[in-house]
Amino acid sequence: TISAGLHSIDASYFEHRGNPLYAFHYRPESNTELFDFYNENADNLRRAFLRSPIKFNFRISSRYNLKRRIKYYGFKLRPHKGTDFAAPVGTPILATADGVVSKSEKKGANGNYVKIRHNSTYDTQYLHMKKRNVKVGKHVAQGDVIGWVGMTGNTSGPHVCYRFWKNGVQVDPFKQKLPEAKPINESLKNKYFSDIVLIKSQLDSVIIKNNTSI
């Protein structure tokens, strides 16, 4: 990872294939400590779900596969309803979306695991942890450390088995059209547009020479 030496970014602008893209760091409500990045139309630029519960130094060792057969078990059908992210023991495991912890326990083949209820549609589950970092009922934000990679339960190597539930059914998260994070509430949009006027004008006044921002 390369640091640019910046502790925080209030706003940014860049072009992608000729399309201008703005991002404003904004707290939409006074009663929350959570900031997100929004564009000039007040759309949230964050995805509702991270694609991986591991940030760095991982590989996918086994994918969701309902037709999986394993030689060790005589090639009998043994569906795998999760995605295994292999990583060193002790690697932080992140909540892939905001939600409330519905289960946090050590049980059978799952080992130490955590399950998070995100809304009426989605749940996620994280298996084989070395140690859990959250309790039932705790509100977690996307990116919070909920545990650490281990080898508890039925596993032959250090990894987190990530399970994704939609309407009570385990599905492949890589084949889902995942929702975007919520935009700013309609009742707060006018305030947002007013608050970003000055900083947007500062971005727009940046001198452009030879297609390079200075």
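**Rings and their neighbours**

Mentor: Arg63 lies over the face of Phe174, at 5.5 Å from the ring centre. "Over" here means that NZ of Lys or CZ of Arg is within 6 Å of the ring centre and within 35 degrees of the ring normal. This is a predicted model, where local features need pLDDT of at least 70 and side-chain atom pairs count only at pLDDT 80 or more, while totals for chains, interfaces and linings use all residues. Residues are numbered from 1 along each chain as its sequence is written, and side-chain values use heavy atoms, with hydrogens and water left out.

Trainee: And which ring does Lys115 lie over?
Mentor: Trp165, with 3.8 Å to the ring centre.

Trainee: OK, new topic: how many aromatic pairs are there?
Mentor: Twelve. Rings of Phe, Tyr and Trp (its six-membered ring) pair if their centres lie within 6.5 Å; planes under 30 degrees apart are stacked, over 60 edge-to-face, the rest tilted. Tyr22 and Phe24 are a stacked pair, 5.9 Å centre to centre with 5 degrees between the planes.

Trainee: Is Phe24 buried or exposed?
Mentor: Buried, at 2% relative accessibility. The cut-offs are under 20% relative accessible area for buried, over 50% for exposed and partly exposed in between (1.4 Å probe, protein chains only). Tyr22 is buried too, at 12%.

Trainee: Why is the Phe58 and Phe85 pair called edge-to-face?
Mentor: Because their planes are at 65 degrees, with the centres 5.5 Å apart.

Trainee: What about their accessibility?
Mentor: Phe58 is partly exposed at 34%, whereas Phe85 is buried at 1%. Ring pairs also link both into a cluster with Phe49, Tyr122, Tyr126, Tyr162 and Phe164.
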